[in-house]
Amino acid sequence: MGRALVEGQKREEWQSRWGFILATVGSAVGLGNVWRFPTMVVRGGGGAFLILYLGLVLLIGIPALVMELSLGRRTNRNTLGAFSHLRPGSRWWLVGALSMLAVFVVLSFYSVIAGWSLIYLVGSTAGIFSQQGPAALTETFTRLSEHPFLPAMAAALFIGLTASVVASGVAHGIERVSKALLPAMVLLLVVLMFRSLFLEGALGGALWLIRPDPEALNLQTALAALGQVFFSFSLGMGAVITYGSYLSRGSDIPRNSLIIGFSDVGIAILAALVVVPALFALGISPEIGPGVIFVTLLGIFNTLPFPAVWASLFFLMLTFAALTSTIAMLEVLVAYLVDEKRWSRSLASTLLAVLILVAALPSALGQGVLNHIEIAGLTILDAADQLVSNLMLPVAGLMTAIFVGWVWGTGPVALELSLGSTRSRLSRLITLAIRYILPIGMAYILITGIL
Ligand code: PHE
């Protein structure tokens with residue numbers, strides 16, 4: 001049952017514990033795991049990136065999940081409302097606003113890649129790519145991503161799909177869809193991983209993933225890994241705060257955060273075990289860009305029997321992964337309009353969908369019509385990704401940690417955690433991490449990584 005909010009209105013709530021966990025894992029697992037993580041691992045030198053990533057998951061990612069879930073559940077508010085509710089009259093709501101801005105920018109490029117995935121899903125099912133060799137596949141990807149309106153249309157379709165789920169509500173829409181899609185996605189990934197690992201020459205790729213290159217162990221890689229933790233755990237964007245706000249008092253936040261965090265890491269590694277060994281098996285040095293999963297993986301599938309089946313399965317999985325993530329992102333913005341402005345869910349979802357589509361156009365056209373526009377040598381899509389992941393998310397996360405650890409205070413946090421959890425030692429460790437490790441660690445990595 002929803003709890004009373006203001007003016008006697010009922011606020012929504014998750015229907016079951018597993019419904020919440022699957023929805024939150026579904027939000028965390030997305031293009032960040034399947035498209036971004038393998039790319040970052042390869043760029044960051046394989047094992048070196050992986051070590052830094054796992055360290056940051058434990059020290060920063062998991063405590064930050066606890067921090068955002070507690071903030072949401074305590075206040076039962078959207079991202080911006082959570083801050084202003086705990087410190088009314090102060091400027092802390094600005095942190096919520098920064099998170100909302102970040103989520104908007106992410107949606108603008110994320111929906112473009114999700115749209116590519118949709119196009120490839122349709123194309124694979126029709127068997128269009130299965131006869132193409134590597135050169136033809138590259139050509140196809142270039143033609144598609146440079147196309148004047150196909151990517152924008154696909155992004156529009158994807159945003160529309162997202163909005164229709166969000167408009168149906170938290171339990172009825174988001175929870176139901178996530179419960180169905182997440183298990184299907186994991187199953188597909190496991191099948192693909194075995195396929196990939198048994199390719200000839202794949203083992204080199206798997207080994208390379210665990211062998212750290214000492215030269216790559218530096219602060220730049222650490223900043224990239226921190227950005228990846230934030231992106232992948234959906235932190236600093238208000239998504240976890242918002243999902244936490246639909247959580248009941250009895251739920252065990254530290255335990256659920258461990259489950260959510262490790263599921264996300266597990267699925268990212270699974271995806272890397274699909275992509276990287278496949279790259280090695282093809283015998284090409286992992287030349288890596290946004291097109292890698294669209295070109296290289298298809299190339300691999302085409303060397304196997306039934307290429308269209310493997311490709312369709314893969315793009316189906318990728319589309320599911322992206323959808324449960326865009327749902328969470330849109331919910332951040334919808335929750336704000338519903339809580340604070342008293343808009344109806346359907347109106348908020350529809351209007352935001354239109355705004356997001358407009359914002360997505362530069363990223364959709366940046367490969368083709370607008371490819372003369374470069375920001376610091378990057379395409380619009382890449383630049384938006386870097387700006388958000390390596391700056392806006394860690395800054396929003398840092399400010400949230402200062403707010404939770406020092407302004408709201410560890411006393412109230414510990415009290416909040418004790419509501420559903422009996423593990424007081426674990427809770428104490430986590431509150432200490434929120435107060436000290438998060439702000440100091442993130443400030444250090446941000447400052448040195450950027451300089
Ligand atoms: N974590 C998602 C991913 O890895 C992205 C995301 C960010 C989803 C913010 C929801 C909110 O793809």
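Where does the ligand sit? Select the ligand and look around: the ligand sits in the largest cavity. A cavity here is a set of points, on a 1 Å grid over the protein atoms alone, where a 1.4 Å probe fits but cannot get out; sitting in one takes more than half of the molecule's atoms within 2 Å of its grid points.

Before moving on, some housekeeping. This is a predicted model, where local features need pLDDT of at least 70 and side-chain atom pairs count only at pLDDT 80 or more, while totals for chains, interfaces and linings use all residues. Residues are numbered from 1 along each chain as its sequence is written, and side-chain values use heavy atoms, with hydrogens and water left out.

**Stop 1: the shell.** Now show the 15 residues around the ligand; Ala 28, Gly 32, Tyr 110, Phe 231 and Ser 232 come nearest. To be near, a residue needs a heavy atom within 4 Å of the molecule. Colour the shell by class and you get 8 nonpolar, 7 polar and no charged residues. In this scheme Ala, Val, Leu, Ile, Met, Phe, Trp, Tyr, Cys and Pro are nonpolar, Asp, Glu, Lys and Arg are charged, and the others, Gly among them, are polar. Next, select the helices α1 (17–28), α2 (31–43), α10 (219–232) and α14 (307–341): each supplies at least two shell residues. Helices are DSSP runs (H or I, at least four residues), numbered from the N terminus.

**Stop 2: Thr 79.** Jump to helix α4 (residues 79–86), where you'll find Thr 79. Buried or exposed? Thr 79 counts as buried because its relative accessibility is 0%, with buried meaning under 20%, exposed over 50% and partly exposed in between (1.4 Å probe, protein chains only). Its side chain makes a polar contact with the side chain of Thr 242 at 3.4 Å. A polar contact is a pair of N or O atoms within 3.5 Å; within protein, one must be able to donate a hydrogen and the other to accept it, and residues adjacent in sequence count only if both atoms are side-chain atoms.

**Last stop: Glu 340.** Back in helix α14, pick Glu 340, which is partly exposed at 33% relative accessible area.

Technical notes: On a 1 Å grid over the protein atoms alone, a cavity is a set of points where a 1.4 Å probe fits but cannot get out, and a pocket is an open set with protein on both sides within 12 Å along at least five of seven lines; lining residues have an atom within 4 Å of a point.
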